[in-house]
Every structure is written in C-alpha cells, then in structure tokens.
Amino acid sequence: MQAAARLLARKAYREAHALCLDVLKDDTANAEAFYLLGLLTADHGNYGKAEDLFRSAAERRPGHAGAHAQRARCLIALSRRSEAVEAARTAAGLQPRDAFTLDTVGVVLSRAGLHAEALPYYAKAAEAEPGNAGYHYNHAAALQFAGEMDAARAAYRLCAAHDPGDTRGLPAVVQITKQTEAANEVAALEALFARHAGDPDAALRIGHALAKAAEDLGRPETALAWLERAKAGKRARVSHDPEADAALFDAAIRAAGTLRGRTSGAEGAPVFICGMPRTGTTLVDRILSGHSQLTSAGELTDFALCLKRLTRTPSNLVLDPGTLDAAAGADLTALGEGYMASVAASLGPTGRFTDKMPLNILLAPVILAALPAARVICLRRHPADTVLSNYRQMFATSFSYYNYAYRLEDTARYYVQFDRLVRTLEDALPADRFTVVHYEQVVADLEREARRLLDFCGLPFEPACLSFHENAAPVATASSAQVRQPLYTSALGRWKRYEAGMKPALDILDAAGCLAPGERSAT
C-alpha cells in the first residue's frame with residue numbers, strides 16, 4: 001500500500017491501480033486499498049464511483065478519517081450537500097492530523113456554505129504542512145471571507161513564497177489591497193504574466209489583478225487592455241452562445257405565464273436576493289441579515305437542484321430551458337418542501353433566511369409558486385455599470401452560466417436579456433412578493449431602502465441593518481472586502497471613466513433602449 005501511494009502521488013495510475021487490486025485479491029477487507037482506488041478514481045472525475053470506493057473504505061475501517069473526508073468531497077461534487085456535510089463532520093470528529101484530510105474537510109464545509117466552521121481546518125492544514133502553497137491559499141481565502149484581511153494577505157504571500165510557480169497568491173493580494181504609485185505589485189505581476197501567458201487560467205488570474213492595479217492607479221484604458229489580454233486565452237477554450245442565453249431567458253418568461261396563479265402547500269418564508277452579479281446583491285444580503293430574524297445562507301444552488309431532481313429533465317445542466325418548462329407540470333409542494341429540507345439539513349438556519357444566488361432571478365416565477373410565503377428581491381444597477389462590473393469580475397471558470405463575461409459585447413447582450421426578463425416579471429409577479437431595488441438608491445438613501453425592504457419582508461425595522469459593514473458573518477463573494485466598509489459612492493458611474501473603450505457594448509445597450517437619451521458623451 002505504501003508503494004501504491006507513492007505511485008499515485010506521481011500519477012502513475014496504472015501501476016498504482018494494479019498494486020491495489022493485487023492486495024484486494026488476498027485481503028478484501030483492506031480499507032487502504034479502497035481508499036487509494038477512490039483517490040485514483042476521483043482524480044479522473046468519476047465522483048460517483050469514487051464515492052462508492054471511499055464508502056467501502058470507511059465501512060471496513062470506520063476510523064479512517066481520510067476516507068470520510070474524501071467521500072465528503074465526492075458528495076459535494078455530486079451536489080449532495082447535506083450528505084457531504086455529515087461525512088465531513090464525521091471525518092473532523094475523528095481528529096485527523098494530516099494536512100490533506102484537514103484541508104479536504106475545510107474545502108467541503110466551505111463549498112457547503114459553512115465558512116466559519118471551515119476556517120480552523122484550513123489553519124490546521126497549513127500548520128501541519130507549512131511548505132504546501134495550496135494549503136496556505138485555501139487558508140487565506142477563508143480568512144478573507146471571514147473579514148480578516150491582514151491575516152489573509154499574509155497567508156496569500158506565504159502561498160506565493162512557498163511555490164515559485166504560484167499564480168494565485170500575489171494576484172489575490174492585489175485584489176484586496178489598494179495599489180498606489182508608491183506601493184504596488186505591477187512589475188511583479190507583469191513578470192508573472194510573461195512567464196505564464198500560455199496558461200489560460202493563470203493568465204486570467206494575473207491579468208485580472210493587473211487590471212485592478214491599473215484601475216487603482218487611475219488608468220482605465222490600461223485596465224481594459226489587461227482584461228482583454230487576460231480573458232483571450234480562456235475565451236478561446238470555452239463555448240459561449242448568446243442564443244443559448246436568450247433561450248434560457250425566454251423559458252423564464254414563459255414560466256411567469258404558465259405558473260401565474262399557481263401555488264403550493266409548502267411552508268417557509270425565505271428571502272431570495274437575486275439579479276445580475278456585482279449589482280449590490282451582497283450589500284442587500286448584509287443589510288437584511290443584520291436583522292435578528294434573518295440569517296444569511298449565502299449563495300445556494302439548492303432550489304435549482306431540487307427542481308432538476310424533481311423534473312428529471314435529460315440535459316446535463318441544472319438550469320436549462322427544458323427544466324424551466326417542466327416546472328409547469330411539477331409537484332410544487334414537493335419542490336418547496338424539498339428546498340426547505342435541503343437547506344435545513346446542511347445549514348440548519350434558525351428561523352427565516354436569505355438565499356442570494358444571483359441566478360435565482362431565472363427561477364423567480366417557480367420560487368414564488370413553490371413557496372407561497374417567500375419573497376424575491378431583484379437588484380438592478382445602471383446598465384453600463386452592470387456590464388462593466390461583470391466584465392471586470394473573474395468568475396469561477398467551472399461555472400458556465402457566467403461565460404458571457406469573457407467578452408464585453410456578450411456581457412452587454414446578456415444584460416439586454418436580463419432587462420427584458422425583469423421588466424416582464426415586474427408586470428407578471430405579485431408586487432407584495434417580488435420587488436426591484438436599485439443599487440444607486442440604496443447608496444443614496446440607505447435607511448429609506450432598508451426600511452422599504454424590511455417592510456416588504458414583513459419585518460420591523462432594526463438599526464443594526466444600517467450597520468451592515470459591522471456584520472461579522474463570513475462573506476464568500478467578490479464583495480467580501482467592500483461590504484466590510486461603510487457605503488461609498490466611488491463605484492457609481494464608474495463606466496464613464498471607461499466609456500471610450502466600452503463603445504461596442506454601449507452601442508448594444510443603446511440599440512436595445514437600455515440607456516437614457518443623452519447619457520453618452522457626444523463623440
């Protein structure tokens with residue numbers, strides 16, 4: 001087994017596999033053989049089979065913390081979150097000491113939205129194996145989510161220091177640190193980009209950091225140029241079809257008609273905060289979750305997953321036109337109850353909670369039909385600022401729903417579809433259960449908008465909602481640094497500084513009637 005583990009570490013999969021099978025011929029109860037076969041299988045992306053193998057290892061040796069942790073990793077990849085959390089907590093309860101298992105427990109808990117619970121396991125992993133850059137990176141990200149920015153910067157720098165080829169640590173430092181003429185990382189980032197320009201993922205990380213540095217230094221044209229360079233390699237490798245986006249929005253609009261007046265018997269009154277990313281969803285979530293009767297559950301995929309499992313549509317996508325169309329024939333009570341049970345099983349919020357998955361805007365008609373007491377809040381922001389902020393954001397590369405953001409013009413086309421949907425929903429959905437809030441109005445008059453939203457949710461006003469930046473709960477979004485500051489106005493009208501470079505996108509917004517007459521400069 002030691003020889004098989006060494007082979008597996010070198011990715012000599014065939015040889016490692018053969019040794020494990022040899023052992024199992026003579027010893028069918030050998031837990032380590034099943035564990036190593038699980039690691040091999042998971043490395044090849046077959047999480048269903050790997051989960052079976054890790055479960056077999058844990059059955060043969062219940063005290064095998066690694067087997068429980070790796071099973072949890074497979075379960076979270078299979079979107080079986082409540083089971084994953086249970087398995088991760090089982091592993092943690094066995095008090096593992098090896099960094100690999102500790103880090104895996106942290107990763108599973110983070111992906112399940114339990115960021116505060118995950119943090120100590122990341123810390124222990126980095127302490128157990130201080131020379132591993134990846135463990136320092138995960139620890140740093142968890143510290144950032146927790147609002148411990150100085151500690152996060154230090155951990156990101158440890159990540160970079162322990163791996164000369166690392167392309168994550170320094171870019172992450174720049175993303176949470178204001179760059180100035182006197183103190184910036186531009187030269188180091190440019191050298192890093194030159195060394196890794198052929199790696200699309202590395203170029204994306206480094207180029208986005210260079211764009212952020214350029215913006216900090218007041219160089220918008222340079223920032224746009226770096227974004228174009230950063231996204232080019234990845235854009236060439238991902239498939240994005242604006243027509244597919246339009247079809248998804250069309251299906252959401254149809255759902256608003258087919259589900260009109262439909263309701264279920266499901267109980268529960270969650271508050272869904274949605275819209276396009278980078279439009280103030282995290283800000284509103286922090287405002288509302290400052291209330292004593294609301295807990296933030298983070299960005300959950302549970303509703304879409306419950307709908308997919310209930311409708312059993314054939315595509316390999318969780319959210320697609322066929323699934324939205326199938327909602328019309330679904331058991332809405334089972335859907336609402338399934339969603340509430342899923343959140344309760346893994347997160348266990350007490351009382352009401354918020355779910356701030358932006359994509360839930362596409363599911364708004366289904367949500368309100370399945371959960372009669374739910375509320376849906378849709379964020380809107382100036383069209384050009386929305387397009388720019390989405391283009392500036394480096395979304396998770398594995399999440400295909402945001403592939404529009406690799407091209408400025410595609411981002412504008414996506415906004416046009418979003419605008420069409422929201423206008424339809426405002427007319428089709430009941431105003432006491434669906435409302436739109438504008439980011440600019442929240443910034444202009446926080447108390448007025450907070451009171452309006454609390455009233456919409458059926459909650460009395462509490463002053464703590466106005467101190468959103470003092471909310472100590474973790475924030476696992478790109479706004480983790482911003483929402484820990486008092487309201488600021490510097491993000492309003494940012495697109496004006498980029499107007500010259502945004503002309504093709506602005507033309508698309510203009511043609512669709514999304515911009516007010518006279519907003520653009522006369523050129």
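User: What makes α5 largely enclosed by the rest of the structure?

Analyst: In this predicted model, a residue is called buried when its relative accessible area is under 20%. By that criterion 11 of the 13 residues of α5 are buried, so the helix is largely enclosed by the rest of the structure. Among them are H68, Q70, R71 and L75. These buried residues pack against α3 (31–43), α4 (47–60), α6 (81–93) and α7 (99–111).

User: How do you know that the span of α5 is close to the expected one?

Analyst: Helix α5 (residues 65–77) reaches 19 Å from its first C-alpha to its last, and 18 Å is expected at 1.5 Å a residue. Just after the helix, S79 takes a positive phi of about 65°.

User: Why are β2 and β5 said to stand at the edges of the sheet?

Analyst: Five strands form an open, parallel sheet in the order β2-β3-β1-β4-β5. Both β2 (294–296) and β5 (434–438) have a single partner strand, so one side of each lacks a neighbour in the sheet.

User: What makes β4 and β5 a pair?

Analyst: Pairing requires at least two bridges, and β4 (residues 375–380) and β5 are joined in the parallel sense over five bridges; the two strands therefore meet the definition.

Terms used. Residues numbered from 1 in each chain as written. Predicted model: local features only at pLDDT ≥ 70, side-chain atom pairs only at ≥ 80, totals over all residues. Heavy atoms only, no water. Helix = DSSP H or I, 4+ residues; strand = E, 2+ residues; numbered from the N terminus. Expected span 1.5 Å × (residues − 1). Buried < 20%, exposed > 50% of the residue type's maximum accessible area, 1.4 Å probe, protein only. Contact = heavy atoms within 4.5 Å.
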